[in-house]
Amino acid sequence: MPAAEPQVTLVQHTERPDEVIAAAARLCYAADTEGLFEGAAQDAHDLVARLARMGHHSPLEHASFTFYLEGVSRALTHQLVRHRIASYSQRSQRYVAHDSFDYVVPPELAGRTVQVNGRAVDAVEYFEETMALIAERYAALNDALGRTGESSNQDARYVLPNACETKIFVTMNARELLHFFAERLCRRAQWEIRRVADMMLARVRPVAPATFQDAGPKCVRLGHCPEGKLTCGRYVEMIRIYRVADRETSP
Ligand SMILES: Cc1cc2nc3c(=O)[nH]c(=O)nc-3n(C[C@H](O)[C@H](O)[C@H](O)COP(=O)(O)OP(=O)(O)OC[C@H]3O[C@@H](n4cnc5c(N)ncnc54)[C@H](O)[C@@H]3O)c2cc1C
């Protein structure tokens, strides 16, 4: 039952996403449709950037991106699937037995201790022991249920933890991905989904640089933080990290 680390694979995407989005946007304003698919990369870059500024987001829906996420927790996928304008396929805890499941260890546990009967126990060790105990109980319950596959897995899984490693396919169009990044790259989102969103952004930026040039937490897209008292106060740092134009001009 090793500890899991996230892996993000960009499985496939619309061919030439920036150009497809630019052509769809050009069509909206084209009296003459000759040369709809022509135009230099710079032209597409400027046009897609203009769409974002104008709030003309529907052309972004013509480009889709499919990711394969592994080494992530059920806690993460529960947050992920709240994003409804997307398609998902996740490894089932009904069809697949989870006797020796991998799990995600929250990094914040490192260096902390838990008091057990007056003794200080390393928090990561305590967490790992808990996972081992759950796996043992899962196996015992699955046996008690007759180990019949789907019908015993589905009830034994009630003891599995949020930390349990899972794998999921997710497809989002560029509009939804930008919204997903805005919400989940925000410092208020949890560390695991933020880390995975960062990895997803790193995969799509090279294939659609124009579309994702201003991608980032919502403060980067809005030009201010809407979180009020809950703000992380790191707006300037977020701009430097995420906005490509600012990154390219900063020393
Ligand atoms: C930091 C953080 C903390 C959170 N905490 C909680 C929490 O405590 N409890 C909780 O339940 N959730 C929580 N969430 C989840 C959050 O409420 C949303 O469910 C999640 O972020 C999905 O985003 P969304 O609803 O904007 O849009 P998506 O499902 O990604 O949809 C994109 C957009 O499409 C539109 N849309 C989609 N479906 C509809 C619809 N049915 N009707 C009208 N418009 C629609 C909306 O404009 C929406 O913004 C949290 C999210 C974050 C980022």
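Predicted model: local features only at pLDDT ≥ 70, side-chain atom pairs only at ≥ 80, totals over all residues.
1. Val114 stands opposite Val121 in β5. Helices (H or I, at least four residues) and strands (E, at least two) are DSSP runs, numbered from the N terminus. β4 and β5 make a hairpin with two residues between them, and Asn117 in the turn has a positive phi of about 50°.

2. Residue numbers start from 1 along each chain as its sequence is written.

3. The chain has ten helices and six strands. Its C-alpha trace spans about 75 × 45 × 30 Å along the principal axes. Of the contacts in the chain with a separation of 6 or more, 74% are accounted for by residues 24 or more positions apart; a contact requires C-beta atoms, placed from the backbone, within 7 Å. Buried residues make up 27% of the 251 residues. A residue is buried if 20 or more other C-beta atoms, placed from the backbone, lie within 10 Å of its own, exposed if 12 or fewer, and partly exposed in between.

4. The chain is divided into domain 1 (7-90 + 165-249) and domain 2 (107-159), with bounds taken from an automatic or database domain assignment. The C-alpha centres of domain 1 and domain 2 lie 37 Å apart.

5. An open sheet of four strands has the order β1-β2-β6-β3 and antiparallel pairing. Because β1 (7-13) and β3 (86-90) stand at the edges with a single partner strand each, one side of each is left without a neighbour in the sheet. Neighbouring strands of this sheet are turned by 20° against each other on average, direction ignored. Such angles run from 0 to 180 degrees between N-to-C directions, and the axes are lines fitted to C-alpha atoms, for helices over the stretch in contact.

6. Strands β1 and β2 run antiparallel and are joined by six bridges, with His13 opposite Phe65 in β2. Strand β2 (residues 64-73) is also paired with strand β6 (residues 165-173) in the antiparallel sense, over eight bridges. In β6, Phe169 is the bridge partner of Tyr68, and Thr166 that of Val72.

7. Helix α6 (residues 174-184) lies across β2, β3 and β6, and runs at about 125° to β6. Which residues does Leu177 contact, leaving aside its neighbours within four places in sequence? They are Phe65, Met172 and Val204.

8. In the largest nonpolar core, which has 51 residues, Ile21, Leu177, Phe181, Val196 and Ala197 touch the most other members. Helix α7 (residues 191-204) gives the most to this core, namely six residues. Domain 1 and domain 2 both give residues to this core, so it lies between them. A nonpolar core here is a set of buried Ala, Val, Leu, Ile, Met, Phe, Trp, Tyr and Cys residues joined through C-beta atoms within 7 Å. In soluble globular proteins, nonpolar side chains tend to be buried together.

9. Ala22 belongs to helix α1 (residues 17-29). Ala22 counts as buried because 27 C-beta neighbours lie inside 10 Å. Not counting residues up to four places away in sequence, Ala22 touches Gly39, Ala44, Leu47 and Val48. Ala22 and Ala210 are 188 residues apart in sequence, yet their C-alpha atoms are 9.6 Å apart in space.

10. Asn117 counts as exposed because it has 5 other C-beta atoms within 10 Å. Arg147, also not a glycine, has a positive phi of about 40° and lies in the loop between α4 (123-144) and α5 (150-156). Arg147 has 15 other C-beta atoms within 10 Å and is therefore partly exposed.

How values were computed. Pairing = 2+ DSSP bridges. Contact = placed C-beta atoms within 7 Å.
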